[in-house]
Amino acid sequence: MSATLNIQRVLRLAIVLAVAIAAALLVPESAFAQSAPAPVSLPALTAVTVQSTPGGGQTYSLTLQVLLLMTALTLLPAILLMMTSFTRIVIVLGILRQALGAGQTPPNQVLIGLSLFLTMFVMAPVIDRVNTEAVQPYLAGSLDSVTAMQKAVVPLKKFMLDQTRESDIATFVRISGGQGYATPQDVPMSVLVPAFVTSELKTAFLIGFLIFIPFVIIDLVVASVLMSMGMMMLSPVLISLPFKLMLFVLVDGWSLVMGTLASSFYTT
């Protein structure tokens with residue numbers, strides 16, 4: 001039930017963002033929809049306008065905001081892959097399929113879809129914070145776009161820091177020629193993102209190794225039995241596959257794997 005509510009919350013957030021963007025795009029059309037008694041020459045529409053705010057910040061014109069939004073959408077797949085829990089989940093599921101030895105079962109579409117929905121479940125607390133601290137104040141007009149983007153990065157950065165090993169951060173700090181940082185929050189995203197991806201790869205392969213061991217033992221036992229019976233021409237994989245599938249189903253393997261993956265993240 002909680003997973004369903006989290007997914008519904010994420011979908012509502014996406015709908016709110018889509019409605020806000022659509023409303024912003026329709027504002028110029030509604031402004032020019034008023035009837036006039038005579039043709040009036042309209043001033044040229046400025047594509048890029050940057051204005052200074054009293055607090056020392058800057059605000060951007062609607063056209064520039066839409067341009068930045070379209071640019072961000074092109075980077076969305078990379079953000080999803082590199083800055084969320086998707087990397088660990090999809091790698092572990094791929095290793096699990098390899099350990100089962102069932103070929104392309106489950107197919108790639110199923111693994112990707114399962115990884116996406118599990119990613120939304122894991123990232124739901126982070127998305128809620130982004131919605132509360134950045135999206136809703138921006139839609140209410142209390143925050144400008146730059147401040148909203150800065151506040152939106154904070155929960156995501158905390159999530160990434162919780163999953164990243166200090167040794168990986170130190171490695172990329174040393175490569176970049178830095179001298180270290182006083183607090184983890186001072187680590188820039190240019191250093192944190194590659195360190196986070198490296199840590200996720202390590203964790204994913206570690207979980208995959210632990211998943212692989214029981215299936216390797218089954219393969220070894222089946223191969224030894226076939227060798228002792230002199231059936232060397234019979235493929236051990238053909239005989240071990242039903243036993244691996246039966247073992248995986250009997251221990252409720254999918255629930256164990258999904259539960260382990262979800263609990264391996266710390267979003268509090």
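Me: What should I know before I start?
Reply: The model is predicted, so local features need pLDDT of at least 70 and side-chain atom pairs count only at pLDDT 80 or more, while totals for chains, interfaces and linings use all residues. Residues are numbered from 1 along each chain as its sequence is written, and side-chain values use heavy atoms, with hydrogens and water left out.

Me: How are two packed helices described?
Reply: By the angle between their axes and the distance between the axes. Helices are DSSP runs (H or I, at least four residues), numbered from the N terminus. Axes are lines fitted to C-alpha atoms over the stretch in contact, and angles run from 0 to 180 degrees between N-to-C directions. Here, α7 (residues 145–163) and α9 (residues 189–228) cross at roughly 45°, their axes coming within 9 Å.

Me: Which residues of α7 and α9 meet?
Reply: Contact means heavy atoms within 4.5 Å. V153, K157, F159, M160, L161 and Q163 in α7 meet M189, L192, V193, F196, S199 and E200 in α9.

Me: What is the largest nonpolar core like?
Reply: A nonpolar core is a set of buried (under 20% relative accessible area, 1.4 Å probe, protein chains only) Ala, Val, Leu, Ile, Met, Phe, Trp, Tyr and Cys residues joined through side-chain atoms within 4.5 Å. The largest one has 35 residues, and F159, V257 and L261 have the most contacts inside it. Helix α9 gives the most, nine residues.

Me: What does L261 touch?
Reply: Apart from neighbours within four places in sequence, L261 contacts R88, I89, V92, L93, L118 and I207.

Me: How do α4 and α5 pack?
Reply: Their angle is about 145°, with axes 9 Å apart.

Technical notes
Helix = DSSP H or I, 4+ residues; strand = E, 2+ residues; numbered from the N terminus. Buried < 20%, exposed > 50% of the residue type's maximum accessible area, 1.4 Å probe, protein only.
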